Amino acid sequence: MKPFSVTWDYRCPFARNAHEHLITGLADGADWDVTFLPFTLSQGHVPDGGIPVWDDPAKFADLVALAAGVVVRDQYPERFGSVHLALFSARHDEGLDLRHREVVARVLDAAGVPGDKVLAEVDTGGPIADIRDAHRKALDDWSVFGVPTFIVDDRAVFVRLMSRPQGDATLARRTVEGIVRLMDDQPDLNEFKYTTLSR
């Protein structure tokens, strides 16, 4: 399967669904070459000419969890999957506010990563710059507008998965591989959306 990338922001429930499929498949041994790209939804609410969120001290809290995810991805890659899922779970299962540093630190500690060290790295500004660069590249190169967006070669597709894998690695693999295969096999397919969902 081709290398691919997927955007994330911990605030989006559909990003949570897709990333649970990704992490479940990877934990099961899927040999995917996947890059996790931060993309801040806060920037979409900045008016034209406004201060970008990564340059606005008043918006720093909006980026703390995402920046912590970047630090863990880069400095604690063996723990990224568990931390990634824990931050999504904190937001969507527990209803916690990830704008609070102490909340993020507790989630990191519980997932086996030193929260104080990760947040100290966030405070250096480097991870915020990484978010800025990844966000701008996603906009400029692939016209990304949200999360989760799957990127293969020069093509990007926003994907809204309605269910979680619930630990089913076979389902997770089939779901992720189906998305990437569809992008590769059907480059002219622009929109594919069910009119109703059977639940």
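Strand β1 (residues 4-8) runs parallel to β2, and five bridges join the two. This is a predicted model, and in it β1 and β2 belong to an open sheet of four strands with mixed pairing, in the order β2-β1-β3-β4.

- Val6 finds its bridge partner in β3, namely Phe150.
- β3 and β4 run antiparallel as well, joined by four bridges, and Ile151 has Ala156 in β4 as its bridge partner.
- The hairpin of β3 and β4 has two residues between the strands, and Asp153 takes a positive phi near 55 degrees there.

- Helix α7 (residues 169-185) lies across β1, β3 (149-152) and β4, at about 55 degrees to β3.
- Which residues show that both faces of β3 are covered? Thr149 and Ile151 are buried on one side, and Phe150 and Val152 are buried on the other.
- As background, side chains in a regular strand alternate between the two faces of the sheet.

**The nonpolar core**

- The largest nonpolar core has 59 residues, and Phe4, Val104 and Phe150 touch the most other members.
- Helix α2 supplies the largest share of this core, with nine residues.
- Apart from neighbours within four places in sequence, Val104 is in contact with Val64, Ala65, Ala68, Leu87, Leu98 and Leu119.

**Gly69, a residue to look at in the viewer**

- Gly69 lies in helix α2. Is this glycine buried or exposed? Gly69 has a relative accessible area of 0%, so it counts as buried.
- Leaving aside neighbours within four places in sequence, the contacts of Gly69 are Trp8, Tyr10 and Phe80.
- Gly69 and Gly81 are 12 residues apart in sequence, with 9.9 Å between them in space, C-alpha to C-alpha.

**Aromatic rings**

- The structure holds eight aromatic pairs.
- One of them is formed by Phe145 and Phe158, which are tilted, at 5.3 Å centre to centre and 40 degrees between the planes.
- This pair links distant parts of the chain: Phe145 sits in the loop between α6 (126-142) and β3, while Phe158 is in strand β4, 13 residues apart.
- How do the two partners differ in accessibility? Phe145 is exposed, with a relative accessible area of 63%, whereas Phe158 is partly exposed, at 28%.
- Ring pairs also link Trp8, Tyr10, Phe36, Phe80 and Phe88 into a cluster. Among its members, Trp8, Tyr10 and Phe80 are in contact with Gly69.
- Phe14 has a charged neighbour: the charged end of Arg160 sits over the ring of Phe14, 4.4 Å from its centre.

Terms used: Residues are numbered from 1 along each chain as its sequence is written. This is a predicted model: local features need pLDDT of at least 70, side-chain atom pairs count only at pLDDT 80 or more; totals for chains, interfaces and linings use all residues. Side-chain values use heavy atoms; hydrogens and water are left out. Two strands pair if DSSP finds at least two bridges between them. Contact means heavy atoms within 4.5 Å. Axes are lines fitted to C-alpha atoms, for helices over the stretch in contact, and angles run from 0 to 180 degrees between N-to-C directions. Rings of Phe, Tyr and Trp (its six-membered ring) pair if their centres lie within 6.5 Å; planes under 30 degrees apart count as stacked, over 60 as edge-to-face and the rest as tilted. Buried means under 20% relative accessible area, exposed over 50%, partly exposed in between (1.4 Å probe, protein chains only). A charge sits over a ring if NZ of Lys or CZ of Arg is within 6 Å of the ring centre and within 35 degrees of the ring normal. A nonpolar core is a set of buried Ala, Val, Leu, Ile, Met, Phe, Trp, Tyr and Cys residues joined through side-chain atoms within 4.5 Å.
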